[in-house]
Amino acid sequence: MTNTTQNHESTDTDLGTPQSSAPLPAFVYATTRDWEGYFEATKGREPRQTLLDVLDTFDQDPLLQRCAIDLGCGEGRDTAEMLRRGWKVHAIDGHPDGIKRLISREDLGNPANLTMQLAPFEAVELPACDLLNASFSLPFCAPDHFDHLWAQIVEAIRPGGRFSGQLFGERDSWATIPDRSHHTRARIEQLLEPFCIEQLKEEEREGQDCDGIQKHWHVFHIIARKHAPGQHS
Ligand SMILES: C[S@@+](CC[C@H](N)C(=O)[O-])C[C@H]1O[C@@H](n2cnc3c(N)ncnc32)[C@H](O)[C@@H]1O
């Protein structure tokens, strides 16, 4: 299933009224990598839609093992959902406040199924998994390390396993920030060649914070299943 959505407002892009004591919408903090501000602004938010969708897909297609990596887990909105649904989760983030907030969550389900790692994308080594979830985190990988990280992601996912998450397009406002990794649709399709694409939803729309600061969103919401050896799409 491949979808394209233009100018469609999605709750997935973290725009809108802050839900906690943080005074600004979450994207304002992410613009400058103020992760503590971002975690405060997104505290208590629901799991991402791509994560919910991919977990539902696995539910129809049961695996013997349910072992996930949450790459760029932040304060754990997706990690907590995976634990609730019986997955073992290895949660990775580069910011200590994210890991600290994750450990102190009260909704962790079975914490014995959780391992955590404080590591930058640029140096992390990924263990094998059935699901690699990376919600709104990969654009923050340094561009000269992105290809290496993506190769590791592909390698880590077992055949038949899935990737879920977002990549950002070249028309997104943040694409001009030198330390961000953004991609054209054609490049994203190339990156997804080792996978069967189950969802590729392109979202493009204008947003604005409460001070009128504009943000153009160009986001690809992705769910993809890794081919078995020798299998092609
Ligand atoms: C926009 S937040 C998304 C957090 C969470 N996945 C969510 O959906 O709310 C991006 C996350 O990536 C992490 N991050 C950003 N750059 C990173 C890097 N180079 N290495 C590791 N983590 C990084 C941040 O600490 C933050 O938790």
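Of the 233 residues in the chain, 39% are buried, a residue being buried if 20 or more other C-beta atoms lie within 10 Å of its own, exposed if 12 or fewer, and partly exposed in between, with C-beta atoms placed from the backbone. The structure is a predicted model, in which local features need pLDDT of at least 70 and side-chain atom pairs count only at pLDDT 80 or more, whereas totals for chains, interfaces and linings use all residues. Residues are numbered from 1 along each chain as its sequence is written. The secondary structure comprises seven helices and nine strands; these are DSSP runs numbered from the N terminus, helices being H or I of at least four residues and strands E of at least two. Among contacts between residues at least 6 apart in sequence, 69% join residues at least 24 apart, two residues being in contact if their C-beta atoms, placed from the backbone, lie within 7 Å.

Strand β5 (residues 129-134) is largely enclosed by the rest of the structure, because six of its six residues are buried. Three bridges join β5 to strand β2 (residues 67-71), and these strands run parallel; two strands pair if DSSP finds at least two bridges between them. Within this pairing, A68 has L131 of β5 as its bridge partner. Strand β6 (residues 157-169) also pairs with β5 in the parallel sense, over five bridges, and A134 stands opposite G165 in β6. The chain passes from β5 through helix α6 (residues 143-156) to β6 in a right-handed β-α-β crossover, meaning that, with the strands pointing away from the viewer, the path from the first strand over the helix to the second runs clockwise.

The loop between β5 and α6 contains F136. This residue has a positive phi of about 55° although it is not a glycine. F136 is buried, with 25 other C-beta atoms within 10 Å. A positive phi, near 55°, is also found in R33, which is placed in the loop between α1 and α2. R33 counts as partly exposed because it has 14 C-beta neighbours inside 10 Å. Most residues other than glycine have a negative phi.

The largest nonpolar core has 41 residues, of which A68, I69, V89, C129, L132, I153 and A156 touch the most other members. Such a core is a set of buried Ala, Val, Leu, Ile, Met, Phe, Trp, Tyr and Cys residues joined through C-beta atoms within 7 Å. Its largest share, six residues, comes from strand β9 (residues 214-226). Another core, of eight residues, lies apart from it and includes A26, A30, Y38 and F39.

Helix α2 (residues 35-42) has Y38, F39, E40, A41 and T42 as its buried residues. These pack against α1 (26-31) and α5 (96-103). Just after α2, G44 takes a positive phi of about 80°. The largest share of the shell around the ligand, three residues, comes from α2. In total, 21 residues surround the ligand, the closest being G72, G74, G94, S135 and F140; a residue is near a molecule if its C-beta atom, placed from the backbone, lies within 6 Å of it.

P194 lies in the loop between α7 (185-191) and β8 (195-208). It counts as buried because it has 20 C-beta neighbours inside 10 Å. Leaving aside neighbours within four places in sequence, P194 is in contact with V154, K226 and H227. P194 and H227 are 33 residues apart in sequence, while their C-alpha atoms are 6.0 Å apart in space.
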